[in-house]
Amino acid sequence: MIENWKDAWKWMSVHVALVIALVNAAQGLLPQFQALLPANAFAWANAGLGVLVIVVRLIPQGSQ
């Protein structure tokens, strides 16, 4: 485990990862989101958010 892991909820990288998880859950569970965002666009959005996690992880985040 990393030092100060209890502060992880404060980090931007964790926030972005949570957004990815929520978007994936919504896409899979809610049919109206499936109609709103085509699979191809969803895949690109998911990939972009994944890259954003990497970028944000490189930024100093509080007490890490």
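Colleague: What makes helix α1 roughly antiparallel to helix α3?

Modeller: In this predicted model, α1 (residues 12–29) and α3 (residues 39–57) pack at an angle of about 165°, and their axes lie 8 Å apart. Angles over 145 degrees count as roughly antiparallel, and therefore α1 is described as roughly antiparallel to α3.

Colleague: Why is Ser13 counted as buried?

Modeller: Ser13, which is found in helix α1, has a relative accessibility of 7%. Buried means under 20%, so Ser13 falls into that class. Leaving aside residues up to four places away in sequence, Ser13 touches Val53, Val56, Arg57 and Gln61.

Colleague: What makes Asn4 partly exposed?

Modeller: Asn4 lies in the segment before α1, and its relative accessibility is 34%. Partly exposed covers the range between under 20% for buried and over 50% for exposed, so Asn4 is placed in that class. The C-alpha atoms of Asn4 and Ile59 are separated by 16 Å, the two residues being 55 residues apart along the chain.

Colleague: Where in the protein is confidence lowest, and where is it highest?

Modeller: Helix α2 (residues 31–36) has the lowest confidence, at a mean of 75, and α3 the highest, at 87. The protein averages a pLDDT of 82, with 94% of the residues scoring at least 70. Where pLDDT is low, predicted coordinates should not be read in detail.

Conventions: Residues are numbered from 1 along each chain as its sequence is written. This is a predicted model: local features need pLDDT of at least 70, side-chain atom pairs count only at pLDDT 80 or more; totals for chains, interfaces and linings use all residues. Side-chain values use heavy atoms; hydrogens and water are left out. Axes are lines fitted to C-alpha atoms, for helices over the stretch in contact, and angles run from 0 to 180 degrees between N-to-C directions. Helices (H or I, at least four residues) and strands (E, at least two) are DSSP runs, numbered from the N terminus. Angles under 35 degrees count as roughly parallel, over 145 as roughly antiparallel, 65 to 115 as roughly perpendicular and the rest as oblique. Buried means under 20% relative accessible area, exposed over 50%, partly exposed in between (1.4 Å probe, protein chains only). Contact means heavy atoms within 4.5 Å. pLDDT is the predictor's confidence in each residue, from 0 to 100.
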